[in-house]
Every structure is written in C-alpha cells, then in structure tokens.
Amino acid sequence: MPPSEVVADGEAETLRRLESELADVAPPMYVDVEADAESNYEIESVGLRLADVAGMAEVKARLEAAVLAPMRNPELTRLYGRSVRGGLLLYGPPGCGKTFISRALAGEMDAQFLAVSLADVLDMYVGQSERNVRGIFEAARSRAPCVVFLDEVDALGQKRSHLRNSAARGSVNQLLSEMDGLTSNEGVFVIGATNHPWDVDVALRRPGRFDRMLLVLPPDAPAREAVLRHHLRGRPIANVNLAKLAKMTSGYSGADLAYVCEGAADRALMDSARSGTPRLIDMSDLEAAVRDVKPSIGPWLETARNVAEFANEGGAYDELLSYLRSRRSA
Amino acid sequence: MSTPADNAAVALERASALYELRRFPEAAGLLRQAIASEPQNPAAWSLLAAAELSTGNHNGGLKAAERAISLVPDEGWPQRLAAQALRLLGRTEESIRHAREALRLDPDGWQSHATLARSLAMSNSDLPEARGAAERAIALAPNQAEAHITAGVVAAAAKHRSEAEASFRQALSIDPQNSVAHSELARMRMGGRHHTNPAGLADAATGFATSIRVDPRAEHARRNLELVLRVFLAKASYFILIDAYLIARIGSSSSQPAARLLPILLLAIPAGYAWRFIARLSADLREYLLRLLMHDRKIGLAVSLDALAVACLIAAVLAPQTARNGLAGTAAVSALISRLILRSQVEHSSRAAHGLQARPTFGTPMMWLIAFALILAALLLILATATSGAGAGGVVVAVACIAGSAAIFHRIKRRGSANPPDRPGIPRG
C-alpha cells in the first residue's frame, strides 16, 4: 500500500510542512511518493561541447545532421516531413567514447544530462523495474530540457524473446511506453548506447523510439592523439612523438590506449625501481606497451561481422558493413 | 547495517539478472565477489558454474559445480551442471554418473532426464536408455524446445536421421529463434560423408546462416558454414579432376568427333553440381561465397587453378591433335593441385569447426624433404642441360626449383621462431 494512502487528509498538510522544514536533512518520505524518483538519479549540467571531442569528424557531422540541425530548426524539419521526435542509438565496440560523445551532445543542446548505468538497470531488476523506469523519465521531464542517457541499453531493452524474468520484461515494456511519450516528452531527448545493438528489442528501434542509429568506431588518428595526450598528462614524459604513436595504434579503442599509457608507466617505474634512479617515460616505453597491448575490439568485430553479413535486415547495419569491408581491404 | 549474507544475496540477484541478459563473464565476476563475502552459498557456486560453462570455461564450471555439490549434496542442479561440464570435457563415464545422481535427486525434473540422455548419447554406450530419457524429458516438458533438441541429438547419435530432423523441427516450431536447433538441423542436412547432394549442402549452408542470424555469437555456426562452402568447392574440384583424368586417358588419343566432345559433356557434371548448389543459396550467401573466393588467398588460388583446368579442357576440343595431350595434362595437373589445396582447406575448416587448432598442410619433416627434392631436381636439370646442350628451358625450371626450395627453407625458419605471447587488451569498456 503506498504511504500516501495511510495518511489522512488533515494530517497531510502538517506532514508536507514538516517535510519542507526537514528538506535539507532528509528526502521527502511521507507525502509525495512520486517525488523520490528524481532523487534516485543524478542530473547534471554538462559543460562539454562536440568541439571538445577530438577527431571523429564523421560522427560529429552525422550528429549535427541527424539530431542538432532538426532540433535547432524544428519548423524547417517539419516542412521537409522529418520528425523532431525519437531517440538516438549509439552503437559500436566497447571503450570507444559513446558516453563522452553523448555528454558532449547534451552540452551542445544546452540540456541537463541524466545518465542511467548498467548498475542502475540491475537495481531495477532486483527492485521494481517498471516504477524505476517511469521515475527516470519523470525526473528528466521535471528538469527539461534534459538528455536521458541509457548506457548499455541492451540490458534495459533486451529482446523480450530472450527474457524469462518478468521484471526484465516489465522494464522493456515500460521503456517502450515512456519513449512513445504517452505522457509528454517535450524537451526530453533519449540517447541509448550499446555494444550489442543486435540484442536490443526490435520494438525499440521503431519510429519515435531509437529510430536513428549511429556507429561510433574506434577513435581516428586525431582522436587517438588526444586520448594519448589525456592519459599521459601529469606523468613524467620525454621525447614522446604522439603522432607516431597514434599511427601505430590504428584500431585501438580509447580503453586500449589508456592501457598502453599504463603499461608504459609500469615499464618506466619498474626500470627506475631496478636501477634506483627515477627516469622519464620515453618513446621506447610507449612503443613496447603498444606491442604488448592488442586491440580489444577483436571479439566484438567477430560478432559484428556475423550481424552485418547475415542479419542486416533493412540495411540497418550498412554503415557497419562498409566499415568491416574497408578494414578487410585495408 | 547489511551483513555479508545480505550483500551476497543482492550480488546473487544482480548476477542472475546479468546471467539472463547473457552477460556471462560479468555475471561470473559478480558471483566471485558474492562468494568472497559468503563462501558457503551453494546457489552462488551453482550459478557461477552455469556462467563459466556458458563462457566456455568447462574446467572452471566443473570446479564450481563440485564445490556446490560439496555444500548441497542432495540437490539436483549442481549434479546436472557437473554432468554437463564433464560431458563437455569428454569425461563421459563421470558425466553419466553425475547425471544419474541428478536424476535420483530430482526424478520429476525434465532437465535431469535431458542431461542423462545427452551424457548417454555422447558416450554412445546405451542409446536405447538415452532415447527413453529424452522421451521422458519431452513427456515432462512438451513445450520446452531444449527437450526436443535433446531427443534430436540422441536420434542423431543413433543415426536415425529422419527422427532427428523431426525433433529439431519440433524444437523450431516451439522456438523459431533457437539457434542450436537451426544449427543441428543444418548439420543433418549436410548428409553423409560424401556430400554428393549439392541441394543438401546448400540447405545446410542456409541453416547455418539462419543460426548465425538469430544468434550472432554462434561462432560454431559460422565455422560450420565456412566448412560447408569449402566442402562444396572441394567436391566441385574433385569432379573437375576426374574429368581431366578421363579426358587425358581417353579423349586426347581419339580423333572421333564424339570423343572430342567428351570434355564438354563431362564438364556438365561439375557445372550441374555447382549450379544446383548456388541456385539454392540466398543472395547474401552467394555474396558471402564470392567474398570467400576473393579474400581467401588459398581458396582463390585453388579456384583459379580449377578455372584453368576447365579452360584447358575446353581448348582441348578445339585444338589440333598434337596440342591435345599437353592441354589435357595441364588440366589434370591444375585440377590435382587445386584438389590438394581444397582438401587441406576442408581439413583445416573441419578442425576449426570441432574447436581444434589448425594443423599445417605439411609437417616440418615433409617440408625439408620437399626442399631437398627440389634442390636435387634442379641439380639434375642443370646437369642434363649442360651435357645435352639443350636450350635454356631446363635452366629456367632449375632456377624455379631453387627459388622454391629457398621459399620453403624460409617458411621452416619462420615456423621455428616462437611467437611472443600477447598481452590481452581490456575486455569491456
């Protein structure tokens, strides 16, 4: 029984007053059941812009065309018969910057950013999944304009044919209902990110839901250079040629590049410990680390190849197919 | 304040959700954490065993299942998991023992009967009992696709092909998205060892492609598909070789018009075989076959040699009597080399489909032998050219032999140098 039902009308006002007095001490508990949904999810203002994303020119251009331009020119978009509604599904190998791009997109829209992680989704499976999904969207609507970022959306929107757990099925159904905007979604934009778009329920990819898909590939050379620079920042380095390293690490994800920098630092540290004299991380450490760390996207590419070649219904994975072909012919 | 048992219970619930989402490595990681805080939790050990088995870590799965059994010896699930792990490890007798124990503990569970049926089918020891167990599993759970797949596996082990196909079809009628059923049915359609039915091969290729479509992680289906395509090419090449041999033996020595047309008539056999196979393939499978020809260098070479053989056989019809022997001989040699390449490709593919490491086409001793034979042949050719005073043709062939032996020595050297171990990247971001 919800708590509001056990509170008599006369007492409600008193409790509401007490609650407002205690607002800084404790979150609302007794009167407004729906209000606690907002407090469960952290909504933040993002200072990032797409210009802060190094390289990835093609992704940025597609984001501009598919999302930003229609949003900035809603009348023009309607004139050309395009919809301004619907969400965006970012997919690609793990560790390639889908989250970072989403945050930059939210910044570009001057919108708040509400991120839902896999841990949040698992909490939903353990708790009341449908209510929690509703809570996410209510929190976003209350802070519109807001970007709802559903990380690893395949966990929340898994193909229902795969699911036996009723909580999980309920979460998919609720997500479908929220995205359809049975209640108004004005000012709420939903971005899903997944490494496995083939596991996402097809109903979620219909018009008005995640009807735009964008492939986020491993970082290109300028992006790799920026990622390496970021991970080497604050470490003692000498004579490092980032352009050469970026050239050597084609096909590496952002996470792999972080691992390369860690490996190089480990090498220099061990060497310093052995000799008793601290030394700087140099190019030879980084080159050795690059040789040691292999790109981690191999298994993802194997599955992606199967999907692109045998399950590319309606050309949904044409972009992926052309990338895989270009890799093969390279 | 939450106790370790509370934390373990939450972790177990989260791990169950991850397991259902088929995120097996993440589920296993979470379960290890849960076990660290509550090592006596049998459910955590059992789910860890299931997750490890799903990631292909059969030894890890067995260890976890054994630990669960030690904690709850009177429960059926850990016994079934142990039976499954042992079956996958090829330890069939122990697998059967655990499956029987699981059945004793849980006689009304369809999974217990199915597990016993699978273990017995793998050992090939008591197929009638396996069949009985599979039938009981179906009787207990007629709407479970897995029960029908088990019946199909047992029927296939007993070589009751039509019965097996019917079971897999029944499984698909219950669950049309069942990748395993698609794959098993495709395996049935491949037919016997000789693969003389191109339509069956094409249906098998289609079945494996469907299996990949419904489950893109089904790497076994991918490997089986590659095997089917290589088997088709090897079989077509075999027919071309037989044609070339017959024409070299019969056709070239005869001046009868009918005999001269023999190459064309005989070519209808591989052409018909290829047509029947390709015509049944879907557009995406044809495209895939084309990519295989274009991107796999060995397959491309073999098919080019087959094309050369066919061209020589056709040319033999039009060429004068004197050139016919040469053309037929060239066709036979080309077809023979192509056949050898494709046979080795089929073997490689077959080993890969069975999860075995690829074996080199020639062992190192054989490569040494070939290299020395080439050097000897080169020396003999140079000697013969020098003593007979013949043209430069012999010297050119001798130089080619020496170059070939040098290439083989280089290959042997490369094979000898050990590859440095790779440091794996980060599995998931």
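Colleague: How do you know how far to trust chain A, and which of its helices or strands has the lowest mean pLDDT?

Modeller: The mean pLDDT of chain A is 79, and 80% of its residues reach 70 or more. Among the elements of this chain, helix H2 (residues 36–39) of chain A has the lowest mean, 45, whereas helix H13 (residues 283–292) of chain A has the highest, 93. Over residues 18–38 of chain A the pLDDT is below 50, although the model still has 25 contacts for this stretch beyond near neighbours in sequence. Residues 1–9 of chain A also stay under 50, with 10 contacts beyond four places in sequence. Where pLDDT is low, predicted coordinates should not be read in detail.

Colleague: Why is Asn59(B) called exposed?

Modeller: A residue counts as exposed if 12 or fewer other C-beta atoms lie within 10 Å of its own, and Asn59(B) has 11 such neighbours, so the word applies. This residue is found in helix H4 (residues 58–71) of chain B. Its C-alpha lies 25 Å from that of Ser179(B), a residue 120 places away in sequence.

Colleague: What makes H5(B) largely enclosed by the rest of the structure?

Modeller: Buried means that 20 or more other C-beta atoms lie within 10 Å, and 12 of the 13 residues of H5(B) are buried, so the helix is largely enclosed. Among the buried residues are Trp77(B), Arg80(B), Leu81(B) and Leu86(B). What covers them includes helix H3 (42–54), H4, helix H6 (92–105) and helix H7 (110–123) of chain B. After H5(B) comes Gly90(B), whose phi is positive, near 80°.

Colleague: How do you know that the span of helix H5 (residues 76–88) of chain B is close to the expected one?

Modeller: From its first C-alpha to its last, this helix of 13 residues reaches 18 Å, and 18 Å is also what is expected at 1.5 Å a residue.

Colleague: How many helices and strands does chain B have, and what share of its residues is buried?

Modeller: Chain B has 20 helices and zero strands, and buried residues make up 44% of its 429 residues. Of the contacts in this chain between residues at least 6 apart in sequence, 57% join residues at least 24 apart.

Colleague: What makes a set of residues a nonpolar core, and which residues touch the most other members of the largest one?

Modeller: In the largest core, with 192 residues, Val148(A), Leu31(B), Ala205(B), Val228(B) and Ala244(B) touch the most other members. Helix H13 (residues 219–249) of chain B gives the largest share of this core, 16 residues. Leaving aside neighbours within four places in sequence, the contacts of Val148(A) include Leu114(A), Ile136(A), Phe137(A) and Val190(A).

Colleague: Into which domains is chain A divided, and what classes of residue does domain 1 of chain A have on the side that touches domain 2 of chain A?

Modeller: Chain A is divided into domain 1 (43–215) and domain 2 (221–292), with 34 Å between their centres, taken over C-alpha atoms. Eight residues of domain 1 of chain A are in contact with eight of domain 2 of chain A. By class, the domain 1 side has five nonpolar, three polar and no charged residues.

Methods:
Residues numbered from 1 in each chain as written. Chains lettered and ligands numbered in written order. Predicted model: local features only at pLDDT ≥ 70, side-chain atom pairs only at ≥ 80, totals over all residues. pLDDT = per-residue confidence, 0-100. Helix = DSSP H or I, 4+ residues; strand = E, 2+ residues; numbered from the N terminus. Contact = placed C-beta atoms within 7 Å. Domains from an automatic or database assignment. Nonpolar A, V, L, I, M, F, W, Y, C, P; charged D, E, K, R; others polar. Expected span 1.5 Å × (residues − 1). Core = buried A, V, L, I, M, F, W, Y, C linked by C-beta atoms within 7 Å.
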